[in-house]
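Here are my notes on this model, point by point. Have the structure open while you read.

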Amino acid sequence: MLLYFYSVLIIVILLFCYIDYNTRKTNYQNIKKLNQQFRDWVQNDNAPRPSNAIFVKLYKEVYGEQNLTKNIPEVIAFGNIKYDNANILLSFPSKNEFILVEQLAILNNLEDCFTLEFQETKSIGYFIRTIVTLPLKLLKYLGFI
């Protein structure tokens, strides 16, 4: 009976490790693809439009619920300038020159973060940390913490 318990425990631990690895790999692949799609879309009008939903999802995984706004100048009548707040997350993808630099920087930062996370999953230290922190993650998932 004890052997059965340990077998189930090992299978659960391996399953959690695989799910975490697969999630990090998917995020890494998504941000690489999104970054390339965005660069292609900016350079070529016929390229497919990058997904805002994927961008926002990946952004929120790294930065949380932070909203990112920027004042954008707009010329109105008689050379007067009016500033409007633009939400960079909701505006993605945009070819507006005032937002483009921030969007590229965010994409590059996200790619760096997800690349690092994915590379970490390939180490034995990751596997040990996962085993040690599994009870805490399970309690958080169940809503006890």
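1. A definition to begin with: a nonpolar core here is a set of buried Ala, Val, Leu, Ile, Met, Phe, Trp, Tyr and Cys residues joined through side-chain atoms within 4.5 Å. Buried means under 20% relative accessible area, exposed means over 50%, and partly exposed is in between (1.4 Å probe, protein chains only). With that in hand, the largest nonpolar core has 19 residues, and Ile31, Phe55, Leu107 and Leu110 have the most contacts inside it. Helix 1 (2-43), helix 2 (52-63), helix 3 (88-91) and helix 4 (97-120) each give this core at least two residues, with the largest share, six residues, coming from helix 4. Helices are DSSP runs (H or I, at least four residues), numbered from the N terminus.

2. Some housekeeping. This is a predicted model, in which local features need pLDDT of at least 70 and side-chain atom pairs count only at pLDDT 80 or more, while totals for chains, interfaces and linings use all residues. Residues are numbered from 1 along each chain as its sequence is written, and side-chain values use heavy atoms, leaving out hydrogens and water.

3. Not counting residues up to four places away in sequence, Phe55 touches Leu34, Ile88, Leu89, Phe92, Ile106, Leu107 and Leu110; contact means heavy atoms within 4.5 Å.

4. Now the helix pairs. Helix 1 and helix 4 have axes that come within 9 Å and cross at roughly 155 degrees; axes are lines fitted to C-alpha atoms, for helices over the stretch in contact, and angles run from 0 to 180 degrees between N-to-C directions. By class, the residues of the contact divide into 12 nonpolar, five polar and six charged. For these classes, Ala, Val, Leu, Ile, Met, Phe, Trp, Tyr, Cys and Pro count as nonpolar, Asp, Glu, Lys and Arg as charged, and the others, Gly among them, as polar.

5. Helix 1 and helix 2 pack at about 130 degrees, their axes 11 Å apart, which makes helix 1 oblique to helix 2. Asn27, Asn30, Ile31 and Leu34 from helix 1 meet Ile54, Phe55, Lys57, Leu58 and Glu61 from helix 2. That contact comprises five nonpolar, two polar and two charged residues.

6. For helix 2 and helix 4, the angle is about 60 degrees and the axes are 10 Å apart. Phe55, Leu58, Tyr59, Glu61, Val62 and Tyr63 of helix 2 make the contact with Ile106, Leu107, Asn109, Leu110, Cys113 and Phe114 of helix 4. The tally is 10 nonpolar, one polar and one charged.

7. A cis peptide bond joins Phe92 and Pro93, with omega about -10 degrees. Most peptide bonds are trans.

8. Lastly, is Leu134 buried or exposed? Leu134, found in helix 5 (residues 124-142), is buried, at 9% relative accessible area. Leu134 touches Ile13 and Phe16, leaving aside residues up to four places away in sequence. Glu102, in helix 4, counts as partly exposed at 25% relative accessibility.

Note on methods. Parallel < 35°, antiparallel > 145°, perpendicular 65-115°, else oblique.
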